[in-house]
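Dear colleague,

Please find below the sequence and structure that I am handing over to you. A short account of the findings follows.

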Amino acid sequence: KQKTSIFTEDGTEKLENLLRDAGLLKGESLYDVENVAIVHHVNNALKAHQLFQKDKDYIVRNGEIVIIDEFTGRMMPGRRYSEGLHQALEAKEHVAIQPENQTLASVTFQNYFRLYKKLAGMTGTALTEAEEFGNIYNLDVTEIPTNLPVIRIDEDDEVYRTVEEKYKAIVKEIKEARAKGQPTLVGTTSIEKSEQLAARLRKEGFTDFEVLNARHHEREAAIVAQAGKPGAITIATNMAGRGTDIQLGGNADMRIAEELGDMPAGPE
């Protein structure tokens, strides 16, 4: 998806006056050819401030801007936005501005995969893209039925008028699940929302729960291992999405290791 923003006429006029007072504007208009570089910088600054949210699109970690993958909720260290946008974010967050990466070569995923002599794979979403697999890779898609009939019950969506009502309903459901000893996994769309819900739970008197997001990625294995314990509450971003194996009852080996962590080694 494209993230774009532009200045209004009033904004452009105000910007021209500020740049002129600072002695940075050449010519009469911001959009004169001499000011191409300045236009590029101010547009990036506008994007950084209006379109990119801290703790949703990126986090500040150890004095650096680290991009968060919008699909997995995981940090992507080493990845940087191009064309000066990353530098604009660094200026916004008052961290050291680093030089821009230089791209020496690039290739599309489609052309990269076609370099392989043999292609095959399994995914839960291949059937909807069967036409693309056929057109681009000349591959057929075969649906494999489940081993047993699906016993999952897909309930209807619940829609709330306000965010406040939605959070109240979430907390109510968590309380009911914990009272029955059920483990609960609550999915959120960003770090910010996961921490807002955590704050709400603390306000309601909950203390024994875990938050899994990019800020706490070092503890991911330990949190996931115990997310299936009776009465456990885990608030997560997309980090706990597809491919995450939560064992009902918790992971016995990791729980034993955690309980015995401070115990000195014995003769055995």
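In this predicted model, the C-alpha centres of domain 2 and domain 3 are 35 Å apart. The domain assignment places domain 1 at residues 9-93, domain 2 at 107-146 and domain 3 at 163-260.

Helix α6 (residues 163-179) packs against helix α7 (residues 191-203) at an angle of about 65°, and their axes are 11 Å apart. The crossing of these helices, α6 and α7, is right-handed. On the α6 side, Glu 164, Tyr 167, Lys 168, Ile 170, Val 171 and Ile 174 take part; from α7 they meet Lys 193, Gln 196, Leu 197, Arg 200 and Leu 201.

The largest nonpolar core comprises twelve residues, among them Tyr 167, Val 171, Leu 197, Phe 206, Phe 209 and Ile 235. At least two residues of this core come from each of α6, α7 and β5. Phe 206, beyond its neighbours within four places in sequence, is in contact with Val 171, Ile 174, Lys 175, Arg 178, Leu 201 and Ile 233.

Finally, I draw your attention to Thr 237, which is located in the loop between β5 (233-236) and α9 (252-259). Its relative accessible area is 6%, so Thr 237 counts as buried, the cut-off being under 20%. Not counting residues up to four places away in sequence, Thr 237 touches Gly 73, Thr 188, Ser 190, Ile 191, Ser 194, Leu 212 and Asn 213.

With kind regards

Note on methods: Residues are numbered from 1 along each chain as its sequence is written. This is a predicted model: local features need pLDDT of at least 70, side-chain atom pairs count only at pLDDT 80 or more; totals for chains, interfaces and linings use all residues. Side-chain values use heavy atoms; hydrogens and water are left out. Helices (H or I, at least four residues) and strands (E, at least two) are DSSP runs, numbered from the N terminus. Buried means under 20% relative accessible area, exposed over 50%, partly exposed in between (1.4 Å probe, protein chains only). Contact means heavy atoms within 4.5 Å. Domain bounds come from an automatic or database domain assignment. Axes are lines fitted to C-alpha atoms, for helices over the stretch in contact, and angles run from 0 to 180 degrees between N-to-C directions. A crossing is left-handed if the near helix is turned anticlockwise from the far one by less than a right angle, and right-handed if clockwise. A nonpolar core is a set of buried Ala, Val, Leu, Ile, Met, Phe, Trp, Tyr and Cys residues joined through side-chain atoms within 4.5 Å.
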